Amino acid sequence: MIAEQLLEPEELPAYEEEPYADPFGLRTESLRQSARRTFELLLRLVEPAHAQGIAMTLPEGTSGSVELDSRPWRSVARTKGSGGPEFLTADLVESAYAHVPFEPPDDASILHLFQRAFVCRAATAPLGAADEWGGVAELIEELGYVLLSRTFNAERMRAALEDNPLLFYFRLGALAAKLHMKGVLHGDLHPENFGFQDGNVIIRDAGSGRFTGRTLSERERARDLGLLKLTVRFAEWEAVKLGYREEARDAAPAVLALLGG
Amino acid sequence: MDTVTGSLVDATLRAVLLGHDLDVAGWQSVAERLRTYPIGALHPDADQTRETEALRALCELVIPGTTRGAPEHRATDGLPGPLPHLIDALAASSRAASGDASATLAQAQAMYALVPFLPDGRRDAMERIIAVAQKGIGASARVDPASVAFFVLLANVLAQAFAVTEHLGAAFALRQHLSGHEPSMPVLVATSNLVTTAKLLAEVHAETPEPWWREANSLALSICDDEHAVARWTPHARVAREVIWQAAISALTTRLLLCKHQDAAGQIALVQRDFERVRHLAHELDDPDKTARLEALEVEVRELTGGNVAEQSAATVRSVAGSLDALVEQVVATTQRARALAAESEREQAIAQQTRELYGSLQGLLGKMVETLGMNHHVSRIFLALGAMASGRLADTAHEAVRACLLYSPPTQQRSGFYGSRQEGCASFELESACFGTMRALAVLHDLLASEGALYRAFIGLLRSENRDLLASAARFLHVMRPDESFVLQVEDVARIATFTGARPAQDPMTAVARAGEDAACSQAGAPADAIADAAAVISARQRAESSAELPARKWIPDPGSNRSRPEDLVGTTGRLDGVPHRIDSILGRGREKIVLGLVNLVTGKQFALAFFHEDERRALHGYLEGLVSGEVPYDPTEVIARCDAVLNSYPGDEVAAFNKAMALDGEGNVAGAQRWFEVACAANPSDVQNLLFNAHALVRLGARRRAVALAAQSKNQNRTAFHAFYQRFDAHRALMAKTIGEVLREEPDNADALALAQSGDEPA
């Protein structure tokens, strides 16, 4: 029984980078936390702005979006005081949103939020006071992480990693997902057993492979795929997982959760 | 009576414009009749009382002392025909007799407005007007930009329409009066007119036109630059951009002329720059005519400079690429040297020095980009890439991620404001390339250090502090604008931020933020006592309001002047609830069907909440418009706009609301705003002649003559009878459109729409 010779997912060693790094945006929970942290940081920026009568966002036009005529890249709007409770503070809103779920914002929202935060801060912070910009510096870390990690989705992966060895691992992960979907356990997923030709991964050694003729369990899949973790670097392992996720969208979340997300 | 009055008005027109003698006896007869009954016969659709008053005023001016009891304040605005301008011209003329320069200029301006009413004497009238204007200019100690714009316009019209070029020199000399003025609409218009003057002077001096082209180019460029963005913030932003577009076109066309006459090689970069500016403005203005003009100019630019421009661009790319590679090589070498060092602190120091050098370059480059482009999405991506590296979450993939992020270009269907702002970015290729190269080097450094443990952590710490300093530094270069008319409610602001950030509250985000603030205030131990009391009142009120559906309906009658269509404007207003005086103190919550307001009983001082259900906005507007038509309600443009906005918020394409808002804005002099809403009305009902023709006339006033003529032709094709009825009713519009058709035909003799209107013999041509 090949699968039983493999390590359980929990027994696999962790990479040093694993606790914090997520180059391909695979950790859904980490992305959600980033969205929440973004909201908290923005509230800390919007509170002093409101105190000065400045709003962070701009009025929406008839189309429901900010109009180009308003020159959003260098303008701010004023606030009108009568629009809500006078005691609306960052702490209060933050605590009230404690149980509201957050999903990572899309690319357009990320760009818009940073633009608004920067222009609003520039309008309210004293000139040249670097200490006033710590919040925005943290904000670009959270928003930048979500934006750039999403760069490597299936459509852009090939272009982004052209001539880069990571493309091989991305394809390898996708190939493993295809095998698993057909009920095949490779049993010896190891880079040396595969080749790369014209942008496609080819199997060089399938000696340990086995066609089970049934649907594989998530644990079986995780044990088979997890073998790769022992032989590749962190970024390569993440590329494998990304390829696996792109090929097997339904099964991947549970499999990858067993492998640590 | 009609004939007598009409011919006397015509006689006065000729007296004012051409210096003909007036039939004083006839006017005395008119004045006599005015004492006994109103006339109101010139224009059956006009306000008869106002027209009578206007004629009385004219009598008074023509034969002082002939009328009795003429009102001091004469509202002539909006009266059709030449009457209002005649009165202005005669009144200014009597003031100018005492040597008042501004009155003389006002007289000339009123006279100019009369020209369309005297088509058979246009040239003589123009000669007379420029003589009056010259007198006014000569008498002025300091000529203001609006007067410069006017005089230059007169000189240009005389030269273009009647080949009278003798005033061009005097007009061009007036440019000295523009220096030292802040950018404003009059300065923009005056400069734009002077560009035309310079081009006309180039035609006059056909043997040595180059100095004049250079002048035209220089003047045009002076109002194309972004420093004049301030002017674009005026209520006439669209008009200003149209003027700037004309200037940019002038700059480019004169540059092309210079290229053809002089050494083209020396002008290539400037042609490219001028063309990029035109391209950018065309995208901003998003007008099919301008796009067509852009394409035509692109062909011309390519024909003239194509090979050279391509060669120069390639040389720049080669040069920049070389320096980028050198930067990456330097970073690799530094990392290798650092790794060879024994002490941890020395390694950190070497990497820190290299990092600071890269950030030093970025500081200058990003400062310039932020100053030139603002914080557009393109520049935002650079900062977000820096943030992503400092987050330490990219492992050793930063190089690919940063490259993909910075080189990202949106798909065609997503190009909107982002695309427009990218155009500016593309115009500064070398600046962007240098920035991209520095970012690439920084990303390579990041990836080389990603597996270095403590050294990487120190590097990340440095990135964070450098990012903070870089942001502070870049902010100093951002010229933030704060338009006065732009407002956002605080609660709305926070709700939007929550939505953009990805918050998924169970209810409407706006209500969620308002309620969350109230709930949190109540449960916050350290919150101010009054805040807690307020919150308690709010929550108690909300509970009552939520059960209000079960309570009998109560009657709320707003006090006079307290009826507002926007909820936020209700705060502070008063009214009677079941006959008892109350004041609305706050908005406690909003929902799809109702709004909950905090009320104070002005008799007892008791506070409570009341839910108001939204009236269907369309029905409310229609009721209001019926009131206007029947005369029960006085016409108040502010109220009309507010009521139309209430409908447009829910139904952005509503034809009735869009049209009436446009009319109200037009009445207030906001032509650009009006035109935008006429556009919406046209989109909602493109076969309506009123929509098309009012839009056309707004476009004429904005300078978009070709499109205006196209719309007029379209409306005529739609319904010839309605088209004629429109121009029979609106005299001034007819004259203006006829003038516009003529201008379009002069510029483009084969313009099909203008020809269709002009050659049919129908009105307005």
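**A buried asparagine and a helix**

A: Asn695(B) counts as buried because it has 27 C-beta neighbours inside 10 Å; the cut-off is 20 or more other C-beta atoms within 10 Å, with 12 or fewer for exposed and partly exposed in between, all C-beta atoms being placed from the backbone. The model is predicted, so local features need pLDDT of at least 70 and side-chain atom pairs pLDDT 80 or more, whereas totals for chains, interfaces and linings use all residues. Residues are numbered from 1 along each chain as its sequence is written, with chains lettered from A and ligands numbered from 1 in the order written.

Asn695(B) sits in helix α28 of chain B, residues 689–702 (helices are DSSP runs of H or I, at least four residues, and strands are runs of E, at least two, numbered from the N terminus). Leaving out residues up to four places away in sequence, Asn695(B) touches Gln675(B), Phe678(B), Glu679(B), Cys682(B) and Leu711(B); contact requires C-beta atoms within 7 Å. Between the C-alpha atoms of Asn695(B) and Arg707(B), 12 residues apart along the chain, the separation is 9.7 Å.

In chain A, helix α2 covers residues 28–51, and its 24 residues reach 35 Å from first C-alpha to last, close to the 34 Å expected (1.5 Å times one less than the number of residues). Its buried residues include Leu31(A), Thr38(A), Leu42(A), Leu45(A) and Ala49(A). Among the elements covering the buried residues of α2(A) are α4 (107–124) and α5 (134–149) of chain A, and α20 (490–501) of chain B. Just after α2(A), Gly53(A) has a positive phi of about 80°.

Conventions. Two residues are in contact if their C-beta atoms, placed from the backbone, lie within 7 Å.
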